[in-house]
Amino acid sequence: MKKSIFNISQPIENGVLVYNTFTTSLVELPNELYKKIFDEDDFSLPEVSALYSMGFLVEDACDEVKNMENIRNDVLKNSSEKIANIIIAPTLECNAHCFYCFENGYRKGSMSHETADALVDFLEQRWNGEKLGITWFGGEPLLASEIIDYISKKLVEKNIVYGCKITTNGSLFNKRLARKAIDLWNVEKVQITVDAIGEDYNYIKKYDEQYKDAFALVMQNIENAISMGISIKIRINFDPNKQNKALKTMNYLLKRFNNSTKLKIYFAPIDADDEIVKNISNNFDEYDEHPYISLIKFGRKYHLYRGFPDMEDDNSEEHEYDTYGLLKLLKIYPSPINCYATCPNVFSIAPNGDIYKCHRALGRKEYASGNIKTGIEKNEAYNFFCNTKLTYKECNTCAILPICQGGCKINAKLYSGKEACAPSKAIIKDLILLYREDLNKLL
């Protein structure tokens, strides 16, 4: 018998809290008992049987890393090649110029009607027959609203049932386009990035000259959309060294929109790690509390959406790991795969029709996997994403492997540090303490 490599231990009052990231078991042990079992490997004690059943201890022959690989392989093997969701960039042009944008230097071109026709044909051939999920992305997708109109009408003509989301900066989402979103585009949710307020926002976004007070414009557009019944999700990209700016922004948004039921707010760390922004995976010993956990606690206090970009609504279906949804809220539940891009049926489409596995690679020709006119190519770029290999050697000994399954492959390519790691890694022990706090409230 041996200890699971997926155990995370955290000292608490009068003992040690232990969480297993694969089984999601949580246990509080007295200091002496913890020392005997987990420090001295004394597996003769009567408590060992229960700890084994919860996954804190495993058989000597158990290869936990291999088990994770088998889980990832099962996902690939059992995934349909029919398309259920797709990301479409009708343009890579943008009217804003955010310093942190991963598309800087790659914003070229808008989709033609010919390419749009080919895209609809591509979807008709590969659609799984259920409700198709479309995310309109960019650049700023609303710069090409006419193409969104065109494709939406073509999908209806082909009897392709769909619903969509839009990722936008909000500057163009006026009443006219909001009405189209409802009546023509089948929009279910709109995500708008708001990184600061007032002139700080205008400075970060650096809109084209004709947008004199972009912040006021975006706030008015959000207000109009909410009044029309559109669900808005606001994303706050934050610099960990400037967490107060994120807190100030959240406070403003809560008051401005009176905590509307149609409004969700979440925050996400900027991926870059350079002289401008310090990556969230770094140490922040100069702070009394990690800046990310500070923001999460703020979100909990005011019942905000949560501090993670890939969360869905809080009323998600229950599952065997997470009866009360607490693990999902804290992003410490196990995942069978590292990223949607690993699955063979998920693609992002560039304005010229090039096919990409990941939306963060749009415009980078070296990551293209064919074109909608010529078909999917299972080339080197395709295989880079669609495999179960771990990103770093350290992943083989990382306790949060079941949570991230190796992390973000494209971030590992675009940046030089540990940007592939899940943001929760830096604050995992704090998240476990919050989980314990939530459980105690329920018990």
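These legends go with close-up views of a predicted model.

**View 1. Strand β10, covered on both faces.** Here we zoom in on β10, which spans residues 232–238. Seven of its seven residues are buried. In a regular strand, side chains alternate between the two faces of the sheet. On one side of β10 sit I232, I234, I236 and F238, and on the other K233, R235 and N237, all of them buried.

**View 2. β10 and its partner β9.** Strand β9, residues 187–193, pairs with β10 in the parallel sense, with four bridges between them. To find your way around, look for I192, whose bridge partner in β10 is I234.

**View 3. β10, β11 and the link between them.** β10 also runs parallel to β11 (residues 263–269), and seven bridges join the two. A handy landmark is R235, which stands opposite Y266 in β11. To get from β10 to β11 the chain passes through helix α9, residues 243–256, making a right-handed β-α-β crossover.

View 4. D149 is part of α5, the helix covering residues 145–157. Is D149 buried or exposed? Its relative accessibility is 9%, so D149 counts as buried, the cut-off being under 20%. Its side chain makes a polar contact of 2.3 Å with the side chain of K180. Setting aside neighbours within four places in sequence, D149 touches K180 along with L184 and W185.

Key: Residues are numbered from 1 along each chain as its sequence is written. This is a predicted model: local features need pLDDT of at least 70, side-chain atom pairs count only at pLDDT 80 or more; totals for chains, interfaces and linings use all residues. Side-chain values use heavy atoms; hydrogens and water are left out. Buried means under 20% relative accessible area, exposed over 50%, partly exposed in between (1.4 Å probe, protein chains only). Two strands pair if DSSP finds at least two bridges between them. A crossover is right-handed if, with the strands pointing away from the viewer, the path from the first strand over the helix to the second runs clockwise. A polar contact is a pair of N or O atoms within 3.5 Å; within protein, one must be able to donate a hydrogen and the other to accept it, and residues adjacent in sequence count only if both atoms are side-chain atoms. Contact means heavy atoms within 4.5 Å.
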